[in-house]
Each structure stands twice: as C-alpha cells, then as structure tokens.
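Trainee: Please take me through this protein, from its overall fold to its individual contacts.

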Amino acid sequence: WARHGEPVVVEYQQEYFCRLGVVLDTFARSAEDLERLEAAVSTAGSLIERIAAGEHVLDVFISGNTLYRLQAGRPLTDLPSIMEILACVEASRQEPFSTVLAHLLASMQGLSGLVILLLRMDEPRRRFLQGLQGRGAPLRVLLFDEAASGEWNETVLPTDPVALGAALARL
C-alpha cells in the first residue's frame, strides 16, 4: 500500500539450477593418448567456461590419480580455480575409472546431465559408461578416438586445434 496506494501481491518463485557434471579422462597409455589428452583438456576448459557463465551449477570431476570435485556456476563461481587445475592436469598411468565411478555415483542425485570426455573407447571405459547408464542423468560422450562404437551416441572430436575449434563451435 505505501508506495502504490493500492494492495500489491508479491509472488516468490523457487529457483532451480541445472547441475551438470564433467568427467575428464586422463588415463593415457600411448603417445597418441597424450595428444588426445591435450585436446580433451582444451575442450574441457572451453565447455566449463561456457557452462559456468550461464545459469548452471557445474560439478567438475577430473579423473586421474587424484579426484577433484569443484563447483562453479551462478551461486558458486570458482572458475579460476578450475582453470588452474585444468592447466596442471597430467596423464594418469593407472586406470582411475572405478574410483571415479564410486565418487560419481554418490553425487549423481540431482545432476541434470553428465558430459564425459574420453581419450578412446576400450573395455575399462565401456565398463565405466555401463556403470553410469541408467542412473538418472543423461550422458553426453565426447570421444577423441575415431573408433566410436555408436553404443553411447558418441560425438567424435578431432585432436587438431583448428579442426577442434570448428567442431566445438558446432556443438
């Protein structure tokens, strides 16, 4: 009444955030995998920056010998820390998927989707994807290997920086 001279009704609306997970595969066994890892890290950085700038909450899971769980997005912006960690990512020689899967399954509730960047498709990675399948969050698999099975509706990305930039622009 005070400002408008008539009754005013204020309605509050609950805000919901789209929570996304990003899994970066760092399990590299060959020189080709190291080249793929470089492209995967660049892609992860681009995706994370784009997602965190929007209306999303981002849970980042970086596989390797160490698992980092960070949140960035509208309510919690920690993008510089995430980019710093990405800049220091090194290839892992040990298969990390069982550890990552256990932590990821504990955090799957509330995730709206999961983007998984894989260096290649092989049996440990297939088992990892099978463990995630049907857990509620849709999976988007980005693969840096030409040997896509089609089973996971993978998007194959090139390792060449110029071609990768063009492919990311189309995503």
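The questions and answers below go from the whole chain to single elements.

Mentor: This is a predicted model, in which local features need pLDDT of at least 70 and side-chain atom pairs count only at pLDDT 80 or more, while totals for chains, interfaces and linings use all residues. Residues are numbered from 1 along each chain as its sequence is written, and side-chain values use heavy atoms, with hydrogens and water left out.

Trainee: What percentage of the contacts with a separation of 6 or more comes from residues 24 or more positions apart?

Mentor: Contact means heavy atoms within 4.5 Å. Among the contacts with a separation of 6 or more, the share of residues 24 or more positions apart is 67%.

Trainee: Which residues of S4 point the opposite way from Gly113, Val115 and Leu117?

Mentor: Buried means under 20% relative accessible area, exposed over 50%, and partly exposed in between (1.4 Å probe, protein chains only). Buried residues make up 45% of the 171 residues in the protein, and in S4 six of six residues are buried. In a regular strand the side chains alternate between the two faces of the sheet. Gly113, Val115 and Leu117 point one way from S4, and the other way point Leu114, Ile116 and Leu118.

Trainee: Which residue of S5 is the bridge partner of leucine 118?

Mentor: Two strands pair if DSSP finds at least two bridges between them. S4 runs parallel to S1, with five bridges joining them, and glycine 21 has leucine 114 of S4 as its bridge partner. Five bridges also join S4 to S5, again in a parallel arrangement. In S5, leucine 118 is partnered by leucine 143.

Trainee: How are H3 and H4 oriented to each other, roughly parallel or roughly antiparallel?

Mentor: Axes are lines fitted to C-alpha atoms, for helices over the stretch in contact, and angles run from 0 to 180 degrees between N-to-C directions. Angles under 35 degrees count as roughly parallel, over 145 as roughly antiparallel, 65 to 115 as roughly perpendicular and the rest as oblique. The axes of H3 (residues 97-107) and H4 (residues 123-132) come within 10 Å and cross at roughly 10 degrees. H3 and H4 are therefore roughly parallel.

Trainee: Into which classes do the residues of this contact of H3 with H4 divide?

Mentor: H3 contributes Phe97, Val100, Leu101, Leu104 and Leu105, and H4 contributes Pro124, Arg125, Phe128, Gly131 and Leu132. Ala, Val, Leu, Ile, Met, Phe, Trp, Tyr, Cys and Pro count as nonpolar, Asp, Glu, Lys and Arg as charged, and the others, Gly among them, as polar. The contact of H3 with H4 therefore divides into eight nonpolar, one polar and one charged.

Trainee: Against which elements do the buried residues of H4 pack?

Mentor: The buried residues of H4 are Pro124, Arg125, Phe128, Leu129, Gly131 and Leu132. Seen down the axis of H4, they fall within an arc of 155 degrees (taken from the directions from the helix axis to the C-beta atoms), so they line one face of the helix. The elements they pack against are S1 (18-24), H3, S4 (113-118) and S5 (139-143).

Trainee: How are H1 and H2 oriented to each other, roughly parallel or roughly antiparallel?

Mentor: The axes of H1 and H2 come within 10 Å and cross at roughly 175 degrees. This angle makes H1, relative to H2, roughly antiparallel.

Trainee: What is the relative accessible area of isoleucine 82?

Mentor: Isoleucine 82 lies in H2 (residues 79-87). Leu79, Ile82, Met83 and Leu86 of H2 meet Val41, Ala44, Gly45, Ile48, Glu49 and Ala52 of H1. Isoleucine 82 is buried, with a relative accessible area of 0%.

Trainee: Against which helix do the buried residues of H5 pack?

Mentor: In H5 (residues 161-170), the buried residues are Leu164, Ala167 and Leu168. They cover an arc of only 100 degrees around the axis, which puts them on the same side of H5. The face turned away from that side carries the exposed residues Val162, Ala169 and Arg170. The helix against which the buried residues of H5 pack is H1 (31-52).

Technical notes:
Helix = DSSP H or I, 4+ residues; strand = E, 2+ residues; numbered from the N terminus.
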